[in-house]
Amino acid sequence: MLQFGRFVMVRAMMAMTTLIIVSLVVFTLMELVPGDCAERYLAFKNTQGSGISLEDIEIERQRLGLDRPFLTRWASWIVNAFQGEYGDSCILRVNIAQLLGAKFWLSLGVCLASLALAYAIAIPVGIISAASNNPFLNNGLRLFSYLGLAMPNFLLALMIMLVSTIWFGETLTGLFSKEYRDAPWDWNKFVDLMKHAWLPIFILGWSATAFALQTVRALMSDEIGKLYVTAAAARGVYGRKLLWRYPARHALGPIVNSLGFDLNRIFNELPIVALILTLTEAGALLIEALARSNDQQLAGAIIFLLTASIVTLNFFTDILLAVIDPRVRKSILR
Amino acid sequence: MTDVTTDNTQDQKAKEAYFTASQGQLIWARFKKQRAALIAAVILVALILSGIFAPFLSPYDPTIAGRDKDYTNGAPQLPQFCDSNGCSARPFIHAVKRERSMATNFRWVTTIDEDTRLYMNFFVEGDDYHLFDLIHMDTHLFGVEGGKIHLFGTDEDGQDIFSRTLHAIWTSMKVGSIGVFIAFVLALIIGGVSGYYGGWIDGVIQMITDAVRTVPAIPLFMAVAAFMPPEMTAEARFFYISLILGFIGWPTLARRVRTHLLTERNQEYVLAAQLCGAKPGHVIRRHLLPSFTSYIIVDLVISFPYMVLSETALSFIGLGLKDPVSSLGVMLQKATSADVLLNYQWYFIPVIFFIALVMAFVFVGDGLRDAADPYSEAKK
């Protein structure tokens with residue numbers, strides 16, 4: 001148990017290191033944006049008619065602490081970020097944590113739901129197709145996997161919108177009906193969310209499903225041919241029991257490991273799908289922050305949060321793997 | 001008796017051909033056996049050729065210069081041989097008239113004039129262009145007499161969607177190639193250093209690569225793309241986007257290069273070469289590089305569609321290429337509006353070509369991977 005605790009500690013340390021490296025990359029990129037917060041704020045003031053001078057910018061810089069050296073600012077940013085505090089947005093002049101708050105959790109929920117959907121489909125179908133010799137099933141799945149790659153989620157979203165407007169006359173966009181958009185959370189709002197959320201969940205899960213199917217199938221086909229499966233079959237284990245008890249358990253490890261990268265892929269598509277379906281959550285906010293207003297503080301915070309979710313997921317899958325896979329467990333508990 | 005000997009000699013010859021075949025010949029022989037990959041390769045070559053010869057194949061200039069201002073948001077016009085007035089050996093389209101009057105409630109209404117035929121001509125003279133950016137020409141493959149033909153319709157500025165699609169394929173190929181090249185160089189340097197030296201250098205580089213890999217690439221590069229000043233020229237933007245795409249692609253490739261170098265440098269044949277007195281440069285050039293060039297080529301082919309799709313995604317949200325460059329993302333920008341969804345569905349025709357392009361790349365890449373793997377036959 002003590003060793004297991006140590007393993008968890010080591011993994012947590014590694015996750016932290018990754019996050020710190022990532023934060024340095026993100027922070028540096030944000031710094032590279034031409035112009036800083038002070039200039040941007042005063043440029044805004046300038047449009048309002050009050051004349052500004054170079055001294056004003058200097059004073060504003062000092063007020064925001066932008067005159068400190070790069071590393072100091074990064075250190076304070078990262079310390080605050082770990083406490084869930086990201087400062088104020090450059091353009092909107094509101095606290096980022098408040099601005100993002102519920103929206104971020106909503107996006108994360110949608111993404112995790114699509115990840116769950118992808119694996120709920122991919123694992124059983126992949127295992128069955130690896131075990132069966134039905135050429136129609138296998139070729140169909142292969143085509144579907146390729147389509148999942150060739151037709152990225154945002155194109156799928158566009159196509160679904162096209163079809164739905166032609167045949168149903170509805171565009172199926174947004175996450176809430178109008179009357180619930182600003183309402184406080186209760187059961188009815190949740191039901192309303194579920195009525196709208198299935199489409200983004202499906203679209204975001206589309207590519208992930210295709211990829212996961214391919215992975216599961218390839219892993220299972222590799223394992224099924226191995227001798228221990230033949231040995232188990234010789235002992236009289238057959239059918240579903242054989243599949244689930246022997247090769248499936250072996251194939252599970254790499255699948256659990258790939259969860260983090262699948263979440264990464266879903267995050268990649270999130271902003272664009274959000275834009276098409278006019279979802280007003282973190283992904284759309286990111287586009288807003290980048291494309292429309294060059295809001296580096298907000299963009300940095302969102303990218304950091306997205307990465308932090310992936311790192312956290314990776315951390316949990318590592319632990320999960322150690323719990324479910326005796327081989328990994330044994331290698332820790334030497 | 002004689003039959004058996006000829007059979008034997010033929011067998012012998014086939015065997016000899018097999019054992020003396022070069023790596024490339026073997027890969028080609030295995031690749032030919034996969035029907036799906038072969039068909040995909042044919043489609044891919046056709047698409048690439050139509051991209052290269054886009055200026056010649058497309059009837060009009062893809063930019064605003066080649067617009068048809070009398071036929072904006074126009075429906076696709078398919079050449080036909082027969083209509084209510086009889087048939088003709090030469091394909092033709094019907095002329096269109098555009099009018100705005102009291103009768104049409106002062107809106108522009110386009111009507112098809114069934115009685116006027118515009119016959120198709122081949123090798124007509126039209127807008128100037130430079131083939132391969134070098135040869136100045138003005139001959140286009142086809143056109144119609146006394147009017148304009150729009151196979152895939154036109155967009156809201158009256159630009160020919162068919163012409164734009166062909167040019168967009170070429171844009172995608174260019175962006176993809178530059179992106180893949182940059183990713184490849186970075187991957188070779190970073191993965192090469194990591195794999196060749198091993199030890200703590202490898203450890204540190206791997207840690208950084210893994211950290212970079214966890215950052216969702218598109219959001220990050222949306223942030224980078226947003227730094228582009230809006231007054232940037234189209235060419236500069238184009239270069240910048242390719243550069244960004246190169247930076248998206250390197251970690252995966254670098255990892256592959258590193259893994260391969262790590263396993264290969266401990267192989268017996270490397271040791272044998274070293275014992276024969278070969279210098280490190282010779283070992284790398286003559287033994288290590290050929291051992292994985294085929295893998296690298298396959299990896300490049302497979303990572304190509306990702307580049308194309310990322311470019312499309314970036315352009316689509318307005319952070320990538322912009323008009324006047326033709327690219328799928330640019331062309332789809334306006335496609336989300338309800339007006340287009342309801343009335344002008346031909347905006348989506350280019351999507352088919354792009355799905356075909358990406359699918360062809362994926363199939364060819366998969367086929368090449370199977371073909372380049374010398375053990376794939378033994379497995380089956």
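Predicted model: local features only at pLDDT ≥ 70, side-chain atom pairs only at ≥ 80, totals over all residues.
View 1. Chain A holds 14 helices and 0 strands, and its elements, read from the N terminus on, follow the order α-α-α-α-α-α-α-α-α-α-α-α-α-α. Chain B, by its own count, has 14 helices and 4 strands. Of the 334 residues in chain A, 35% are buried, while 36% of the 380 residues of chain B count as buried. Where contacts in chain A between residues at least 6 apart in sequence are considered, 73% join residues at least 24 apart; in chain B, residues 24 or more positions apart account for 71% of the contacts with a separation of 6 or more.

**View 2. The contact between chain A and chain B, seen from the residues of chain B that take part.** The contact draws 38 residues from chain A and 37 residues from chain B. On the side of chain B that touches chain A, two or more residues each are given by helix H6 (199-214), helix H7 (217-225), helix H10 (280-316), helix H12 (338-343) and helix H13 (349-372) of chain B. H7(B) supplies the largest share of that side, with 7 residues. Sorted by class, the side of chain B that touches chain A comprises 32 nonpolar, 4 polar and 1 charged residues.

**View 3. Helix H1 of chain A crossing helix H6 of chain B.** Helix H1 (residues 2-32) of chain A and H6(B) have axes that come within 9 Å and cross at roughly 70°, and the two helices are therefore roughly perpendicular to each other. The crossing in which H1(A) passes H6(B) is right-handed. From H1(A), the residues A:Thr18, A:Ile21, A:Val22 and A:Val25 meet B:Ile208, B:Asp210, B:Ala211, B:Val212 and B:Thr214 in H6(B). By class, this contact of H1(A) with H6(B) has 6 nonpolar, 2 polar and 1 charged residues.

**View 4. Helix H3 of chain B packed on helix H5 of chain B.** Helix H3 (residues 35-52) and helix H5 (residues 161-197) of chain B pack at an angle of about 105°, and their axes are 7 Å apart. This angle makes H3(B) roughly perpendicular to H5(B). The contact is made on the H3(B) side by B:Leu47, B:Ile48, B:Ser50, B:Gly51 and B:Ile52, and on the H5(B) side by B:Leu166, B:Ile169, B:Trp170 and B:Met173. These residues of the contact of H3(B) with H5(B) divide into 7 nonpolar, 2 polar and no charged.

**View 5. Helix H3 of chain B crossing helix H13 of chain B.** The axes of H3(B) and H13(B) come within 8 Å, crossing at roughly 135°, which makes H3(B) oblique to H13(B). H3(B) passes H13(B) in a left-handed crossing. The residues B:Ala36, B:Ala37, B:Ala40, B:Ala41, B:Ile43, B:Leu44 and B:Leu47 in H3(B) meet B:Ala356, B:Leu357, B:Ala360, B:Phe361, B:Phe363, B:Val364, B:Asp366 and B:Gly367 in H13(B). The contact of H3(B) with H13(B) divides into 13 nonpolar, 1 polar and 1 charged residues.

**View 6. A:Val273 and B:Phe221 in the largest nonpolar core.** This core has 148 residues, among which A:Val273 and B:Phe221 touch the most other members. Leaving aside residues up to four places away in sequence, A:Val273 touches A:Asn153, A:Phe154, A:Ala157, A:Pro200, A:Ile203 and A:Leu204.

**View 7. A:Pro271 and A:Phe261, two residues of helix H11 of chain A.** A:Pro271 is found in helix H11 (residues 247-276) of chain A and counts as buried, with 32 C-beta neighbours inside 10 Å. A:Phe261, which lies in helix H11 of chain A as well, is partly exposed, having 16 other C-beta atoms within 10 Å. The C-alpha atoms of A:Pro271 and A:Trp74, residues 197 apart along the chain, are separated by 26 Å, and those of A:Phe261 and A:Ala208, 53 residues apart along the chain, by 9.7 Å.

Definitions and conventions:
Residues numbered from 1 in each chain as written. Chains lettered and ligands numbered in written order. Contact = placed C-beta atoms within 7 Å. Nonpolar A, V, L, I, M, F, W, Y, C, P; charged D, E, K, R; others polar. Core = buried A, V, L, I, M, F, W, Y, C linked by C-beta atoms within 7 Å. Buried ≥ 20, exposed ≤ 12 C-beta atoms within 10 Å, placed from the backbone. Axes fitted to C-alpha atoms, helices over the stretch in contact; angles between N-to-C directions. Parallel < 35°, antiparallel > 145°, perpendicular 65-115°, else oblique. Left-handed = near helix turned anticlockwise from the far one by under 90°.
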